[in-house]
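Work through the exercises below with the sequence and the model side by side. Try each task before you read its solution.

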Amino acid sequence: MKFSTVALAGTALGPAVVIIICAVVLIAFMLFVTIISRYKKCPPDKIMVISGKVGKAADGTSRPAKCIHGGAAFVLPVLQTYEYLDLTPLSISVDLKSALSRQNIRVDVPSSFTVGISTEPGVMQNAAERLLGMRMNEIQELAKDIIFGQLRLVIATMDIEEINTDRDKFLDAVSGNVESELKKIGLRLINVNVTDINDESGYIAALGKEAAAKAINDAKVSVAEADRNGAIGAANAEMEQRIRVSKSNSAAIEGENEAKVQIAASEAYRREQQADSLRRATAAENIQAARALEESYAAQKKAEEARAELEKARQEADILVKAEIEKKQLEIKAEAEAEQIRRRARGEADATLMKMQAEADGLREMLTKQAEGFSELVKASGGSSDDAVKMMVADKLAELERIQVDAIKNLKIDKITVWDGGKGENGKTSTANFISGLMQSVPPMNEVFKMAGMNLPEYLGKENPPADAPKN
């Protein structure tokens, strides 16, 4: 009946409609499968972190991720993705050595810590932001670094006696500091176990020896007191028994007296033994106390020596560091001064070079102008350089005459006495010869031209030939 109905329906609807219905059913089935596949369940030993578009927080700010511990959530395709954080506890062995206590004594504190990713809402968000994508060994190393720092910090705030005797206080301080720092990266502290505490100077061992000696001495004193009390009780019981016997045997006076004498002797012996026992116990107690004090003083002496060495090393380090800093400062200052000197010298050299270049340019310009003027002068002289030089000398004749006059102008002649003896061989008087010689001391114009390598122009006068010169 069903097959016939389907057949009739296929015949009535047509093949195209059937194909469309099948496609719609297929798409709906695939969509259903996709929705089912994006519905993710979170196992109890993991935290599912959904990132992408996850909405906003309570204060209105956008959240970088959404953390789910237990349960399930729908992860939107394309818009969201998910990863898991493992909640498996991590055991971290911290072998802390040479940690400095408040007494400046270095101690070794080997311990083990058990940590894991926290499931608290705020701390879980920190884990998603800081630990997602990291391997377990990387998370372990990160937590180990934090534990090392906080453990050193706690030891630096406590005395050796507090760390050694009050373990609960020490563990509470370590747990509080480490827990607060681990929460910042999304971890929580599960367990802390301190295996042993040692120090380099033997201070803790000395404390243990002192406590052991004190316990032994207390035990010996208690035993001596118990023995003494037992002996006194026994003696009292015996004395009471003897008294009662002596009272019941009142007829035997002699025996009574002998018994009393024996009792007195026994009592004296007992007291003697008791005093001797008390003396030995007191001496033993004093000896043990003295030994304990001696060991304590020796340990304190070692601790003080270690502290002195530490202080000496610290002071030497401070001196070396200061000296190194001063040395660096002097080197930097010397380099700066040298750089200033180099820059100043470079600036002076540049200034000198520019000045010399300017002078050379000025001299070159002046010589160029002089050459151009001399060239124009030669052109004006018809192309004859000799005529041009003569024109230049003629232009300077007035200056040359002034120089000749200035040569004898400032001579200081207060008085000249001339004995004129008449005419000489050349027909001149002595006075004429004196004046002529004085004027001849000034270089004549013809000599000035000769010194310049030129001849005096004919229109300025001709040189008379010497008397002995041959005539043409």
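**Exercise 1.** Is R135 buried or exposed?

*Solution.* Start with the ground rules. This is a predicted model, in which local features need pLDDT of at least 70 and side-chain atom pairs count only at pLDDT 80 or more, while totals for chains, interfaces and linings use all residues. Residues are numbered from 1 along each chain as its sequence is written, and side-chain values use heavy atoms, with hydrogens and water left out.

Next, the cut-offs. Buried means under 20% relative accessible area, exposed means over 50%, and partly exposed lies in between (1.4 Å probe, protein chains only). R135 has a relative accessible area of 54%. Therefore R135 is exposed.

**Exercise 2.** Which side chain meets R135 in a salt bridge? Then examine two further pairs.

*Solution.* Take the idea first. Side chains of opposite charge can pair when their charged atoms come close. A salt bridge here is a side-chain nitrogen of Lys or Arg within 4 Å of a carboxyl oxygen of Asp or Glu.

Step 1. The partner of R135 is E138, at 3.1 Å from N to O. E138 is partly exposed, at 29% relative accessibility.

Step 2. E181 and K184 also form a salt bridge, at 3.3 Å. E181 has a relative accessible area of 23%, so it is partly exposed. K184 is partly exposed too, at 48%.

Step 3. R364 bridges to D361, with the closest N and O atoms 2.8 Å apart. Both sit in helix α8 (residues 253–380); they are 3 residues apart, so about one helical turn separates them. Helices (H or I, at least four residues) and strands (E, at least two) are DSSP runs, numbered from the N terminus. D361 is partly exposed, at 43%.

Step 4. Salt bridges with shared partners link E267, R270 and R271 into one network. The count of salt bridges comes to 14.

**Exercise 3.** In what order do the 3 strands of the open sheet stand?

*Solution.* Two strands pair if DSSP finds at least two bridges between them. The order is β3-β2-β5, with antiparallel pairing. At the edges are β3 (65–68) and β5 (80–86), each pairing on one side only. Neighbouring strands are turned by 25 degrees against each other on average, direction ignored.

Look at one pair. Strand β2 (residues 46–52) meets β5 over 7 bridges. K46 stands opposite D86 in β5.

**Exercise 4.** Where is V107, and which residues is it in contact with?

*Solution.* V107 belongs to strand β7 (residues 106–117). V107 is buried, at 1% relative accessibility. Contact means heavy atoms within 4.5 Å. Leaving aside neighbours within four places in sequence, V107 is in contact with K97, S98, A99, I155, I160, N198 and D199. V107 and D199 are 92 residues apart in sequence, yet their C-alpha atoms are 4.0 Å apart in space.

**Exercise 5.** Which residues touch the most other members of the largest nonpolar core?

*Solution.* A nonpolar core is a set of buried Ala, Val, Leu, Ile, Met, Phe, Trp, Tyr and Cys residues joined through side-chain atoms within 4.5 Å. The largest one has 41 residues, and I155 and F170 touch the most other members. Helix α4 (residues 136–156) gives the most to this core, with 7 residues.

Not counting residues up to four places away in sequence, F170 touches V109, L151, V154, I155, M158, I163 and V194. Another core, of 7 residues, lies apart; among them are C42, M48, I50 and V75.

How values were computed:
Axes fitted to C-alpha atoms, helices over the stretch in contact; angles between N-to-C directions.
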